[in-house]
Amino acid sequence: MTTWDQDLVQQVQEGRPGAFAQLVREYEPSLKRSVFQFLGDADAAADVTQDAFIATYENIHRFNPNHRFFSWVYRIAINRALNQIHRNRFTQSLANQDLRCPDPTPDAQIEAQERAARVRLGLTALDDKYRVLLILRHFLEFSYAEMAMVTGLPVSTVRSRLHTARVLLREELKKTSG
């Protein structure tokens, strides 16, 4: 955690007005984008992000200063997103995301969009414990250490579970590609 983060968290814990608002301004955009990766719905992502910040504020006294603040609030938000998915049976969300391809040819764009849609559908078929790791690694580009911190798993478990997730996703993709 940076000194800036440490100072603000300490100020929040001491009850200084405005300190938490600074943390929210700093981290809300990236947190909302991350939650959107799970939910595929901008309004739901905004709601979950807000809920995560409320829970963070209410539990700021439990924050361990040896960890990164963003990792802590990220874990809270992702847990809330997963709860939302379970609660609402939000399984089609990833398949409904806006699909873009930088390739200028129309055929290549269509092919890339179809491939991306198959990947997203394949992700929705996976158990949360695997989907989370694939999204953290391949969509959000987290390191293994960051993934371990967010999930609360040892790095060795993250590596082996990520390998299993890739195998399972590959199997799902084979089913959809005929």
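Helix H7 is followed by Gly152, whose phi is positive, near 80°; helices here are DSSP runs of H or I with at least four residues, numbered from the N terminus. The model is predicted, with pLDDT of at least 70 needed for local features and 80 or more for side-chain atom pairs, whereas totals for chains, interfaces and linings use all residues. Residues are numbered from 1 along each chain as its sequence is written, and side-chain values use heavy atoms, without hydrogens or water.

H7 (144–151), H4 (69–88) and H6 (128–139) each supply at least two residues of the lining of the largest pocket. A pocket is an open set of points on a 1 Å grid over the protein atoms alone, where a 1.4 Å probe fits, with protein on both sides within 12 Å along at least five of seven lines; lining residues have an atom within 4 Å of a point. The volume of the largest pocket is about 200 Å³, taken as the space filled by probe spheres set on the points. Its lining comprises 13 residues, with Asn79, Leu82, Lys129, Val132 and Thr151 nearest the centre.

Asp47 belongs to helix H3 (residues 42–58). Asp47 is exposed, at 52% relative accessible area, the cut-off being over 50%. Its C-alpha atom is separated by 9.8 Å from that of Val35, 12 residues apart along the chain.

Definitions and conventions: Buried < 20%, exposed > 50% of the residue type's maximum accessible area, 1.4 Å probe, protein only.
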